[in-house]
Amino acid sequence: MSASPSTVERRNPNTRAAMGTTSFARVPVPLLAGATTALLLVLSPRYGYLSDELYFLAAGKYYLDWGYMDQQPLVPLLARWADALAPDSLLVLRFVPALVTAGGIVLTALIARDLGGDHRAQTLAAAAYAISPWLLLSGHWLAAATLAPLEWGLILWLLIRWTRWHRAGFRRDRLLWGTTAVVVVGVQTKFQVVLLCVAVLLAVLAVGPRRMLRRPAVWLGAGAVLATSVPTLLWQHRNGWPALDMGAVVAGETRRLLFVPNALFYSGVVVGAVLCCYGLWQLLRAPELAEYRFLGWTVLGLVLFFLAAGGRPNYPAGTFGLLFAAGAVGLRRRRELPGHNRARWVPWVVYPLSALLPIALLPIYPLPLLAAHPELPSYSRMYETGWRALARTTASAYRELPAELREDTVVVAESYPTAAALDVHGRELGIPRAYSPHRGYWFFGAPPDSARAMLYVGSEHPLAPHFGDRRQLDTVRTEHNVVNIARGVAVTLYTEPELSWSELWPRIRGM
């Protein structure tokens with residue numbers, strides 16, 4: 001019985017050299033992954049839940065279903081399990097995102113290794129992943145956008161390994177089955193992984209290796225992905241395919257001319273952007289990477305599609321690891337040319353400078369400092385603070401209602417993050433379940449027709465024409481008066497409804 005290809009490669013250094021790979025950088029890469037994990041876990045309890053984390057947690061705890069307007073069930077399930085394990089623990093909720101980010105760092109180094117990178121190239125690629133503004137910041141949250149880069153990276157890495165062993169004369173269809181398993185999980189995260197698969201298949205058809213398309217594992221795997229997606233697809237069908245509506249919303253919010261610059265900014269200031277551009281060039285042009293040409297065309301096709309469709313700049317983030325790896329390997333080969341080995345000191349300067357912005361975006365500032373200096377760049381300040389104050393203000397207004405009116409009052413929020421904050425933080429304060437006509441929350445159902453009053457939490461008042469009277473009861477004041485999206489939100493009592501909720505709800509769905 002012959003040894004497996006992986007065993008042959010591991011036991012025979014000459015075979016490994018012939019395959020164009022080196023050993024894995026066992027010290028620097030795990031150190032990078034460990035340091036990044038430690039940083040994310042230390043900062044995880046700071047501030048509070050992200051607005052989208054509140055939505056996922058509310059969806060998982062109170063509205064678990066086979067599908068949602070803008071997400072699939074996996075992240076709400078993870079949020080539900082984390083909260084069941086340790087209720088209201090940010091550390092436990094964000095443990096998985098920290099591990100996912102560390103996995104992306106290691107995976108990027110493995111891709112660089114399989115593309116022919118030495119220890120230095122593997123380390124530079126992994127470090128680029130660790131200091132990417134989007135990849136590092138999203139590693140602080142439990143969100144679909146956090147899981148997708150690792151899922152995409154695994155798919156691309158397995159295809160690289162299959163291609164490499166195919167070139168050496170080995171059949172490694174178990175790698176294709178592994179790809180199927182990752183896609184199955186990816187579809188339950190976001191449907192965008194299907195775009196990656198379509199782009200790969202079209203690129204393979206155009207430039208090869210076309211033998212991949214003749215492997216039964218590819219098409220049987222596609223069938224398996226479709227079969228496991230049936231419950232989610234049925235949910236979308238029953239609800240009018242709201243994922244398409246969400247795509248139109250995203251397109252309307254996106255400035256197409258800024259898509260590529262913003263995507264490069266998300267990949268990394270200086271280091272990430274340079275490696276992405278150079279890595280794509282290497283995949284498309286370098287003779288040493290000719291067998292992986294299909295991956296370059298896959299990335300280019302995805303970028304063009306997102307550009308035309310109006311996607312968000314983070315949508316190509318799943319390809320960042322591949323591009324970092326290809327760019328680092330290309331620089332390694334360039335250094336081997338005569339006269340090109342004089343700038344080995346550059347990474348020691350550029351990488352620390354490039355790390356400043358992503359670290360500054362993390363929740364590293366004390367809230368009093370942010371209150372005194374709202375100009376400091378802090379996405380976390382805007383979207384992770386103020387939610388408990390919002391719930392307390394709403395609960396206080398609800399308790400002060402006359403008892404006979406309170407029993408017939410429903411709580412309705414202007415936006416899905418506000419509704420989620422009231423569901424997650426407000427129920428323990430005595431607030432009934434929250435409703436909202438905004439995006440995915442609309443699908444969680446309408447208030448009962450028996451309700452004769454509404455406690456509305458929001459700054460805009462689109463429902464005012466449907467009620468005879470309204471009276472503002474309070475305004476949200478945040479801790480230290482920190483500027484965030486909860487500060488200044490009004491709590492208003494509406495009475496004398498002109499329509500029943502079953503009549504009104506279909507008319508007020510908001511995007």
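Mentor: Let's start with burial: a residue is buried under 20% relative accessible area, exposed over 50%, and partly exposed in between (1.4 Å probe, protein chains only). Arg332, at 17% relative accessibility, counts as buried, while Asp118, at 22%, counts as partly exposed. Keep in mind that this is a predicted model, where local features need pLDDT of at least 70, side-chain atom pairs count only at pLDDT 80 or more, and totals for chains, interfaces and linings use all residues. Residues are numbered from 1 along each chain as its sequence is written, and side-chain values use heavy atoms, with hydrogens and water left out.

Trainee: How do the side chains of Arg332 and Asp118 meet?

Mentor: Through a salt bridge, meaning a side-chain nitrogen of Lys or Arg within 4 Å of a carboxyl oxygen of Asp or Glu. For Arg332 and Asp118 the N to O value is 3.9 Å. Arg332 lies in helix H18 (residues 320-335) and Asp118 in the loop between H7 and H8, so the pair ties together parts that are 214 residues apart in sequence. Helices here are DSSP runs (H or I, at least four residues), numbered from the N terminus.

Trainee: How many salt bridges does a search of the whole structure find?

Mentor: It finds 16. Take Asp114 and Arg161, whose side chains pair at 3.0 Å, N to O. Asp114 sits in helix H7 (residues 95-114) and Arg161 in helix H10 (residues 144-167), so this pair joins parts 47 residues apart in sequence.

Trainee: Which residues are linked with Asp114 in a network of salt bridges?

Mentor: Arg113, Arg161 and Arg164. Asp114 is buried, with a relative accessible area of 2%, and Arg164 is buried too.

How values were computed:
Helix = DSSP H or I, 4+ residues; strand = E, 2+ residues; numbered from the N terminus.
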